[in-house]
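Q: Please take a close look at one part of this structure, the place where two chains meet. I would like one connected account of it.

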Amino acid sequence: MIDGPPAICVHVHEATTDAHLADLLLGIEEEGVPVEVSRHDHLNPLVLAHDAAVTSRLGIGLGVALDYVVITTDKLPEHRPYVARYFARGGRADRIVGSNAARIVKRIPLRDFAPGT
Amino acid sequence: MGMVAGIDIGNATTEVALAERRGEELVFLASSTIPTTGIKGTEANIKGVVHALRVALDRAGRSMDHVEVIRINEAAPVIGDVAMETITETIITESTMIGHNPATPGGLGIGVGTTISIDDLASASTAEPLIVVADHSHPHDDVARRLNHASGHLTITGAIMQADDGNLVHNRLHTKIPIVDEVSLIDKVPLGMLAAIEVAEVGRIVETLSNPFGLATLFGLDSGDTKQVVPLARSLVGNRSAVVIKTPAGDVKERRIPAGTLTFRGENRHVDVDVDRGSEEIMAAAQQVRHVEDIVGEPGTNVGGMMEKVRVTMGQLTNHSPRDIRITDLLAVDTQVPQQVAGGIANEFSMEAAVGIAVMVKTDRLQMQRIATDMAAELGIPVEVGGVEADMAIRGALTTPGTAVPLAILDIGAGSTDASVMHADGSGTSIHLAGAGNMVTLMIQSELGLDSWDAAEDIKRYPLARVETVFNIRHEDGTVQFFEEPLPPHAYARVVVLKPEGMVPLDIDLPLETIRQVRVRAKERVFVTNAVRALRKVSPTANVRDIDFVVLVGGSALDFEIPQLVTKALAEYRVVAGRANIRGTEGPRNAVATGLALSWAQEKGAR
């Protein structure tokens with residue numbers, strides 16, 4: 001997959017539905033960065049994120065499983081992700097996580113993950 | 001034993017020089033620097049003094065009973081204050097324009113049409129081109145669906161949105177149109193009016209809406225109307241996306257706020273100057289009056305209010321009625337301040353002209369004698385108030401290797417710039433000028449539009465860097481530094497201030513170079529201007545060239561770039577200027593404390 005087009009890779013646990021992922025992906029799309037989603041039977045979001053990051057030609061990966069979303073880069077060790085947040089807790093949180101993953105690619109400052117808290 | 005402690009109580013720090021007389025010689029044993037407790041010149045200082053003294057004694061391995069005498073400084077009786085007033089403002093009436101830089105606008109190009117609410121789209125039937133206005137109650141897929149549906153029977157040329165969904169909508173449209181999003185006060189966008197919308201390519205800025213003739217072409221304006229839209233076009237320069245709406249009474253005005261006049265009152269003449277004319281003319285007027293006795297602003301104007309505010313603050317600090325406060329020096333600096341545009345609907349900002357003013361007020365002698373009495377009672381050691389601060393500073397400064405009289409010292413503090421000169425015959429002059437560290441902080445704060453004074457202080461004091469990747473930063477000078485641990489996400493891609501205790505990300509969306517320039521320019525305009533102004537005043541011939549050596553002392557001399565800026569500026573006058581190195585070991589600190597100890601030894605030796 002490393003020879004695919006440059007994109008953020010999102011590795012999600014196979015039980016995660018498209019509807020659940022929608023906000024996360026919209027956040028990435030609004031920033032104008034390509035994204036690729038694939039499903040796996042792994043349950044550890046850290047492993048999913050790390051695998052996604054090393055697969056991504058942009059070096060940025062997301063892992064989604066067990067109520068967590070993890071953003072990491074191909075340079076970080078598996079157990080030390082860059083950002084880990086709760087997933088699908090409503091509000092705009094997932095949009096912001098998606099947007100920030102794209103902003104890491106674009107090298108622009110990230111948005112506040114939890115505005116107003 | 002013959003041990004003396006010279007103690008300098010400053011605005012920010014209390015410094016001790018501990019020395020012992022051995023025969024004819026005075027041997028320095030230890031120094032210490034402790035933050036001053038309370039406001040300089042009040043009893044609250046004593047706590048800090050005792051602490052500082054104990055630290056120095058510990059370092060020297062001595063105890064309090066070895067101290068024969070303590071000398072404290074006769075503080076300079078001046079305090080300073082700063083103020084800033086904008087002298088222009090931009091007002092939008094009737095929501096005639098939106099000009100801002102949303103992070104991700106949608107689409108590309110120019111669209112002209114009549115504004116219509118997205119809710120009315122289904123029932124509309126017109127041949128006119130339309131610009132759709134959508135508030136954030138409509139999610140992106142709903143907006144896209146309605147626009148796609150309507151594009152069958154209507155001509156839609158653009159969209160204005162409240163939510164940050166420009167790209168999402170754009171990606172879902174069959175017919176692409178320019179979209180301006182993140183318009184926070186979308187309710188204020190007038191409906192049924194002719195509007196033009198422009199979104200520039202990535203990395204470009206709007207070209208048609210910022211051009212008066214471009215607007216004339218789009219709206220069919222005659223030559224008279226075109227003259228009217230110049231301020232509108234001008235205020236859109238530099239934006240990536242913009243909307244202009246043509247309403248009957250809509251307009252963008254740049255108003256000059258009448259700033260009023262300043263009057264410099266001298267012994268036998270006074271000079272008026274219009275603040276509107278800028279800092280150069282104000283400073284020229286100040287030079288025409290020798291021995292300024294008071295400076296007043298015209299009542300009922302901005303500058304009048306500003307000077308009044310300063311008088312009230314100073315009155316409170318010195319326990320005087322504001323009427324009795326005499327402002328004896330003033331430094332004016334032109335600056336630019338980002339101000340929210342009145343009537344704007346997308347948090348537009350405009351750079352407005354402003355004048356920053358630092359003033360200085362002479363006060364009564366501070367209560368140093370009383371502090372000395374209280375201290376003597378508490379410690380059981382004689383405490384003397386020794387000599388004028390500036391003279392002591394010169395004595396201390398002369399311990400810098402490579403210096404000789406005639407020598408001038410420049411002490412740039414927070415509130416005032418003090419200069420004194422010692423001539424070859426030992427006589428001296430000293431002066432105090434308005435404008436110092438606080439003025440620089442104020443300029444940085446206002447020019448960068450920072451909320452907090454502390455953030456501006458940080459920018460003034462420490463170098464900047466930009467976080468480039470998860471593992472590295474790039475310093476101001478272009479060098480790269482790597483870290484073993486990943487840098488925190490909230491610092492990612494931001495400009496950070498490199499404080500000794502760690503990096504602090506700045507919450508401002510400006511390139512590092514811009515922030516650096518604001519900082520350097522503020523320092524140059526205050527410190528360099530005042531260094532030259534001060535030296536001219538203490539020079540016997542009113543010429544900076546007639547001073548051979550200039551030594552920088554005090555807190556600002558510790559700054560990472562001020563000494564270089566001053567050294568560079570004074571080199572043009574062939575003056576040797578640089579940061580002091582008191583006793584060859586203390587750097588620019590401890591000058592007054594050292595001078596106090598030396599003066600005691602000299603008096604003892606003479607006796």
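How many residues of chain A are in contact with how many residues of chain B?

A: This is a predicted model, in which local features need pLDDT of at least 70 and side-chain atom pairs count only at pLDDT 80 or more, while totals for chains, interfaces and linings use all residues. Residues are numbered from 1 along each chain as its sequence is written, chains are lettered from A and ligands numbered from 1 in the order in which they are written, and side-chain values use heavy atoms, with hydrogens and water left out.

In chain A, 20 residues are in contact with 24 residues of chain B (contact means heavy atoms within 4.5 Å). The two chains bury about 1800 Å² between them, and 52% of that is on carbon and sulfur atoms. Buried area here is the accessible area, taken with a 1.4 Å probe, that two parts lose on being put together, summed over both. Of the area that chain A buries against chain B, 36% comes from Glu30(A), Tyr82(A) and Arg107(A), more than from any other three residues.

Four salt bridges are found across the interface of chain A and chain B, a salt bridge being a side-chain nitrogen of Lys or Arg within 4 Å of a carboxyl oxygen of Asp or Glu. Arg80(A) and Glu485(B) meet through their side chains in a salt bridge, at 2.8 Å from N to O. Between chain A and chain B, 13 residue pairs are in polar contact, both residues at pLDDT 80 or more. A polar contact is a pair of N or O atoms within 3.5 Å; within protein, one must be able to donate a hydrogen and the other to accept it, and residues adjacent in sequence count only if both atoms are side-chain atoms.

On the side of chain A that touches chain B, the elements giving two or more residues are α1 (18–30) and α3 (93–106) of chain A. α3(A) gives the most, with four residues. Helices are DSSP runs of H or I with at least four residues, strands runs of E with at least two, numbered from the N terminus. By class, this side of chain A has eight nonpolar, two polar and 10 charged residues. Ala, Val, Leu, Ile, Met, Phe, Trp, Tyr, Cys and Pro count as nonpolar, Asp, Glu, Lys and Arg as charged, and the others, Gly among them, as polar.

Arg107(A) is found in the segment after α3 of chain A. Arg107(A) has a positive phi of about 55° although it is not a glycine. With 45% relative accessibility, Arg107(A) counts as partly exposed (between buried, under 20% relative accessible area, and exposed, over 50%, with a 1.4 Å probe and protein chains only).
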